[in-house]
Amino acid sequence: MKTLTRYRKRPDQSVTAVQLDLETTGFVYQKWGAEQRCKQGDWLVNNDGDIYTVDADVFVRTYRQVSPGHFVKTTPVWAQQAGRDGSIKTIEGESHYKAGDYLVYNNEDGTDGYCISTDRFHTMYEMDSSA
C-alpha cells in the first residue's frame, strides 16, 4: 500500500441522512459496480445527489448533526490515488474504481475503506493541516 495522506471533509460538504431505525432485515442494492447490503440501524445518506448507506457504528463515530437531518463528517480520513483499476472491500459490499480515483479510509491503518472519483474527492476533501 502506498503512503496514505490525511484529509478532512470540507466544512461546507454536509449530507442529508436518516437512520434505518425500523424492524427490518435491511436491503440489498446495486452501487459502485457490485451488490451492497444495508442492515437495521444503518444510515441512508444523500451526499449531493449520490445516495448510499453507511454502517450505523461508522456513521455515529464519524458524523455530527448540524441541523435536523443534516450532518457533517468531522473525523479525518486517509487517502491515496489508485494507480490502476481495481476493487475494494467495504463494510457494505465491494466497490470498483478506476485508475486515478481515490481510495479513502476512515482509519489511519487503511481499514474501513471506500473509493471516490477524483473530481468528487477534490470537491469533498482538503488536506488536513492540523495533522
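Biologist: Is glutamine 13 buried or exposed?
Modeller: Relative accessibility decides this one: under 20% is buried, over 50% exposed, and partly exposed is in between, using a 1.4 Å probe and protein chains only. Glutamine 13 comes in at 14%, so the label is buried. Keep in mind that this is a predicted model, where local features need pLDDT of at least 70, side-chain atom pairs count only at pLDDT 80 or more, and totals for chains, interfaces and linings use all residues. Residues are numbered from 1 along each chain as its sequence is written, and side-chain values use heavy atoms, leaving out hydrogens and water. With that said, glutamine 13 is buried.

Biologist: Where does glutamine 13 lie?
Modeller: Strands here are DSSP runs of E, at least two residues long, numbered from the N terminus. Glutamine 13 falls in the loop between strand 1 (5-9) and strand 2 (15-19).

Biologist: Which residues is glutamine 13 in contact with, leaving aside neighbours within four places in sequence?
Modeller: Contact means heavy atoms within 4.5 Å. With those sequence neighbours set aside, glutamine 13 touches Thr123 and Met124.

Biologist: What about cysteine 38, buried or exposed?
Modeller: Cysteine 38 belongs to strand 4 (residues 34-38). Its relative accessibility is 4%, so it counts as buried.

Biologist: How many Å separate the C-alpha atoms of cysteine 38 and threonine 25?
Modeller: Skipping neighbours within four places in sequence, cysteine 38 has contacts with Leu20, Thr25, Gly26, Phe27, Tyr29 and Thr53. Along the sequence, cysteine 38 and threonine 25 are 13 residues apart, and their C-alpha to C-alpha distance is 8.4 Å.

Notes:
Helices (H or I, at least four residues) and strands (E, at least two) are DSSP runs, numbered from the N terminus.
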